[in-house]
Amino acid sequence: MNTHLQEHIVWRFKREFDTDPILVKAPGRINLIGEHTDYNEGFVFPAAIDRCIIAAVQKSKSDICCAIADDANEQFNFSLHEIRPFAKGTWKNYIVGVVAELQKIGANITPFNLVFAGDIPIGAGLSSSAALENSLVFALNALFNLKLSRKEMIFVSQNAEHNYAKVRCGIMDMYASMFAKENSALFLDCRTLESTDYELDLGDYQLVLINTNVKHQLSESAYNHRRLLCEKAAVLMNKPALRDAHEEDLKKINAELSAADYQKILYVIQENRRVKEAVQSIVEKDLIGLGKLMYKTHYGLQKQYKVSCEELDYLVNQCKQTKEVIGARMMGGGFGGCTLNIVAKPALKSFSEKIAIDYKNRFNSACSIYSVELSGGTHLLS
Ligand code: GLA
């Protein structure tokens, strides 16, 4: 699929700009476990997937930049001297966000042309936006010989998200899309930004995503709100971040939090612990153990952190009743998007068929089901 995508983008770029581009491929990501822990300086366990964005760039001969979103068939032109955020919800913010953040750190860039396209479902919690930002910053780094390290580039991507897309996201998405290794998941310490690769040998099991194809309103404000609450709780406990907090610390500030907020903070503390347990399960090749931890995480996201939704809960409940699915949970920020599932390979077809029908009957709309493989991080395509 990616070869076709690559050829198509080169074709489109040449048609529009009559020159050869530099090409960069940046993958989307999944997260085995460790949800809403990254912005608490905690632990996550993501991996890049075989769905990506490919960006093609080249210097422009005019004094205007031209960016083309091939999938949406939309184009916009902008001057490097007049960069400003757009209203929420447009891909243009990712482009101008990356450019603005590069300008902020003094990168010397001149007008360029860009065409991008991809096969990461949008709004599915697979970090298509991080992939777009990474693909662009990586491509501009190569085009203008900026000599930025991969770490510097992921901060450009993250700041574009904060200041232009207006989501105060953590570093997990950009990190995974930038640094991932094939067939491996990354155990990442979001404070030190040190990571360890763990090869994922799933044997007779397959990672499967089920996309609810819903994205409920307010997911971004709810996300920013959760983050603020976590920061406030850390201050109350006199800790640099929730990563440093234990249940004992939380008990001491019980009176200062509502019961609902107490559960949210408890979830984060417990989830950090589960990530380390999940690493141990992988080391011991205990997939059943990993699956159980995933179900526990879903419970926490649903009942404690309260970022799930009816569609996600329905899918996870169906999986719980299917013995061939050893782990399932909602993934990413929440309020829609995908569940991540570990499914026995022989049952893959029957499972997919059944869940598609059940979901349609329940919600009168279709879910989408994809098997995923783990891929390497952002890189130049020759
Ligand atoms: C979104 C954010 C990430 C992370 C997850 C939740 O994907 O972009 O930084 O916080 O939600 O784990």
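Visitor: In what sense do β2 and strand β7 pair, and over how many bridges?

Guide: Strands of a sheet pair through backbone hydrogen bonds, either parallel or antiparallel. Here β2 and strand β7 (residues 184-189) pair in the antiparallel sense, over 2 bridges. Two strands count as paired if DSSP finds at least two bridges between them. Strands are DSSP runs of E of at least two residues, helices are runs of H or I of at least four, and both are numbered from the N terminus. Phe 43 stands opposite Asp 189 in β7.

This is a predicted model, in which local features need pLDDT of at least 70 and side-chain atom pairs count only at pLDDT 80 or more, while totals for chains, interfaces and linings use all residues. Residues are numbered from 1 along each chain as its sequence is written, and side-chain values use heavy atoms, with hydrogens and water left out.

Visitor: What is the strand order of the open sheet, and which strands are at the edge?

Guide: The order is β2-β7-β8, 3 strands with antiparallel pairing. The edge strands, β2 (43-44) and β8 (194-199), each pair on one side only. Helix α5 (residues 172-179) lies across β2, β7 and β8, at about 135° to β7. Contact means heavy atoms within 4.5 Å. Axes are lines fitted to C-alpha atoms, for helices over the stretch in contact, and angles run from 0 to 180 degrees between N-to-C directions.

Visitor: Where is His 36 found, and is it buried or exposed?

Guide: Most residues other than glycine have a negative phi. His 36 has a positive phi, near 60°, and is found in the loop between β1 (22-31) and β2. His 36 counts as buried because its relative accessibility is 4%; buried means under 20% relative accessible area, exposed over 50%, partly exposed in between (1.4 Å probe, protein chains only). Glu 41 also has a phi near 60° and sits in the loop between β1 and β2, but at 29% relative accessibility Glu 41 counts as partly exposed.

Visitor: How many salt bridges are there?

Guide: A salt bridge is a side-chain nitrogen of Lys or Arg within 4 Å of a carboxyl oxygen of Asp or Glu. The count comes to 23. One of them joins Glu 101 and Lys 104, with the closest N and O atoms 3.1 Å apart. Both lie in helix α2 (residues 92-104), 3 residues apart. Glu 101 is buried at 4%, whereas Lys 104 is exposed at 57%.

Visitor: Which parts of the chain does the pair of Lys 181 and Asp 197 link?

Guide: The side chains of Lys 181 and Asp 197 meet in a salt bridge (4.0 Å, N to O). The pair links distant parts of the chain, with Lys 181 in the loop between α5 and β7 and Asp 197 in strand β8, 16 residues apart.
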